[in-house]
Amino acid sequence: MDNASMKFIVPAATALGCTLLLLVLRYVTFQILRTWAKKTATHLDDIIFDSTKYPSIVLAVAISLQVGLAFSGLPERHMGYLGKAIHVIIILSVTVASATLAGRLFKNYVQKSNIPIPTTGLAYGILKGTIFVIGILIMLTDLGISIAPLITALGVGGLAVALALQDTLANLFAGVHILVEKSIRLGDYVRLETGQEGYVDDISWRTTRIRMLSNDIVVIPNSRLGQSVVTNYSEPDKKMVLLMPVSVSYSADPEQIEKILVEEAKKGAHDIPSLLDEPAPSARFIPGFGQSSLDFTLTCQVAKFTDQSLVQHELRKRIFKRFKGEGIEIPYPHRTVHIREERGGKERTASDA
């Protein structure tokens, strides 16, 4: 076997042997750590395994190529080029693994803790994007490319891009402002000034998605959302006061009506889902004297905004049945019209129900 063949076979065999060795060590290490992780209650170890599973293979191959390259005996110039290419592969694999791991750890930390930070696509993208930018800068520095002129060029070019992408950048910064201000979070039930209402499904880099009760998605640009008047029914607390109007005949006793309303609301708090017994329900003779009825307002507490319909539905059935049993009349609107005849001087009265 001639020297030329040996110069190829020796580094190739070295790289292959080193790859097999590193892969075996990786497999054994992962098996030991996975067995240990099964005994722990946290999911952090599973996240680390999933995030580093494939990048670790690329890293092992890149290291093996670097070792094989050391035994190749190639000219210094070729060695430099190939070495830099291998370094780029290593940096990219570490960057991908770091970005994936940081993103998953961020989501897991926010979900497990009570801190008010939404795990939206925008926050997740900013975190991963920052890590990728750092990795690319490190890669350029390793390749011997000065990043100072690049940053200057990006600054000049960025001005032109900013002018061309005003709407896109406005949506991006509006989304960041929404996240930082924390006025709207994932899962909040909101109503826009245009009338649409629903749950905040996602806040991305350009738009905010609101899932309506009909399961339709309303997509709103972040810049427009930031300038709109938004009612958030989930802040500062998801609990909500329910004001339910009840009207009875003028022949009814106000104290009896107040007692019946409170009693039915308290009974319903034990049977109706989402109707809370604290604070205690109350009834008030407000707004008071109507055109054809005595008007009361029953005040109670529900767990969240979307529970209003069910609670009112059940309470009205209970109150109607109780009124019917007590003989309390719920009046129909009626109007009394006086008709005067000019010639005879007589006056007639007609009642219009």
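Q: What covers the buried residues of α9?
A: In this predicted model, the cover over the buried residues of α9 includes the strands β6 (240-248), β7 (275-276) and β9 (294-302), together with the helix α8 (254-271).

Q: Which residues of α9 are buried?
A: Buried here means under 20% relative accessible area. By that criterion, the buried residues of α9 are Gln-308, Val-311, Leu-315, Ile-319, Arg-322 and Phe-323.

Q: Why do the buried residues of α9 line one face of the helix?
A: The general idea is that an α-helix has 3.6 residues a turn, so residues three or four places apart point the same way. In α9, the buried residues fall within an arc of 100° when seen down the axis, so they line one face.

Q: Which residues are exposed on the other side of α9?
A: Ser-309, Lys-321, Lys-324 and Gly-325 are exposed there.

Q: How is the span of α9 from its first C-alpha to its last to be read?
A: The span is set against the value expected at 1.5 Å a residue. Helix α9 comprises 19 residues (308-326) and reaches 26 Å, close to the expected 27 Å.

Q: Which residue takes a positive phi just after α9?
A: That residue is Gly-327, with a phi of about 75°.

Q: How many helices and strands does the protein chain have?
A: The protein chain has nine helices and 11 strands. Of its 353 residues, 30% count as buried.

Conventions. Residues numbered from 1 in each chain as written. Predicted model: local features only at pLDDT ≥ 70, side-chain atom pairs only at ≥ 80, totals over all residues. Heavy atoms only, no water. Helix = DSSP H or I, 4+ residues; strand = E, 2+ residues; numbered from the N terminus. Buried < 20%, exposed > 50% of the residue type's maximum accessible area, 1.4 Å probe, protein only. Expected span 1.5 Å × (residues − 1). Arc of directions from axis to C-beta. Contact = heavy atoms within 4.5 Å.
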